[in-house]
Structure formats: structure tokens, C-alpha cells
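Have the viewer open and follow along.

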Amino acid sequence: MEIPIFPSDRIPQPRENVRIEQLQIHPYPDRFRVRVHIRVTPFLERPNLLLVAHNQDDVIVSELNIIETMHHDMEFTMHIRNVSDPAGLYTLTADLFFESRNPPHAQLIETFEIPEMVQ
């Protein structure tokens with residue numbers, strides 16, 4: 001009898017098949033933090049990820065490096081830095097790479113909004 005270790009549609013893939021499958025961003029109520037959920041194709045070789053958030057003026061407000069992750073489904077909290085009021089539009093770029101990031105093996109860009117403070 002064989003007991004599958006992975007669901008049949010989640011078999012680890014070689015590097016050339018690894019992609020960013022999902023990128024979700026949800027601001028926390030305090031507005032200075034965002035929850036990032038990222039899922040990549042299950043992999044045989046451990047990839048690196050670089051997540052960079054830019055504000056409307058294209059200024060980096062948060063950055064996160066994940067080196068040789070062991071997991072294909074991850075959640076992180078990113079902090080919005082160097083702003084007095086975080087309300088506005090942002091862009092989060094996720095680069096997946098192995099040895100070199102230039103160019104990235106895969107990239108996904110999502111926009112998100114942090115709302116004005118509710119009085």
C-alpha cells in the first residue's frame with residue numbers, strides 16, 4: 001500500500017516550473033502593518049524571495065528577504081516605515097529567484113491600499 005506524502009496536484013517541481021502562485025496583502029487595523037500571504041509552486045530546490053513595498057512616490061517603505069525557504073505557503077507581517085500617515089496606495093513586488101535575482105526567476109506585482117483613519 002502506498003501512502004502519498006503530497007496531494008497529487010502538489011508534487012514538488014524542478015526549478016524551471018516554480019512560480020509565484022498567489023500573493024495576497026491585507027492591512028492590519030493599525031494601518032502600519034500588512035499581512036502578506038504568498039504561495040509558490042512546491043519545489044525541489046529551495047528558492048529565495050524578495051518582497052518590496054513602494055508608496056505612491058515609488059519610495060521603498062518596507063522590504064523582506066526570505067532566503068532558501070523550506071515552505072511553499074507562507075505568511076509574513078511587513079511594517080510600513082518612515083511615514084507619519086500610512087494611508088494611500090502601495091505596490092508590493094515579489095521576486096522569486098535561485099542564485100541570482102537579476103533577472104528574477106518569477107515576479108508578481110500587486111497593488112494594495114491602506115485606508116484613511118476612521119474617526
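## A strand covered on both sides

Both faces of β3 are covered: N48, L50, V52 and H54 are buried on one side, and L49, L51 and A53 are buried on the other. Buried here means under 20% relative accessible area, with exposed being over 50% and partly exposed in between (1.4 Å probe, protein chains only). Because seven of the seven residues of β3 are buried, the strand is largely enclosed by the rest of the structure. In a regular strand the side chains alternate between the two faces of the sheet.

This is a predicted model, in which local features need pLDDT of at least 70 and side-chain atom pairs count only at pLDDT 80 or more, while totals for chains, interfaces and linings use all residues. Residues are numbered from 1 along each chain as its sequence is written, and side-chain values use heavy atoms, leaving out hydrogens and water.

## Who pairs with β3

Strands are DSSP E runs of at least two residues and helices are H or I runs of at least four, numbered from the N terminus. Two strands pair if DSSP finds at least two bridges between them. β3 runs antiparallel to β6, joined by seven bridges, and L49 sits opposite L96 of β6.

β3 is also antiparallel to β4, this time with six bridges; V52 has E63 as its bridge partner there. These two strands make a hairpin with five residues between them, and D58 in the turn has a positive phi of about 65°.

A nonpolar core is a set of buried Ala, Val, Leu, Ile, Met, Phe, Trp, Tyr and Cys residues joined through side-chain atoms within 4.5 Å. The largest one has 25 residues, and I38, L51, L92 and L96 touch the most other members. Elements giving two or more residues to this core include β1 (20–27), β3 (48–54) and β7 (106–114).

Contact means heavy atoms within 4.5 Å. Leaving aside residues up to four places away in sequence, L92 touches, among others, L23, L51, M78 and F112. T93 is in strand β6 (residues 88–97) and is buried, at 15% relative accessible area. With the sequence neighbours again set aside, T93 touches L50, L51, V52, Q107, L108 and I109.

## The whole protein

Zooming out, there are zero helices and seven strands. Of the 119 residues, 39% count as buried. The C-alpha trace spans about 60 × 35 × 20 Å along its principal axes.
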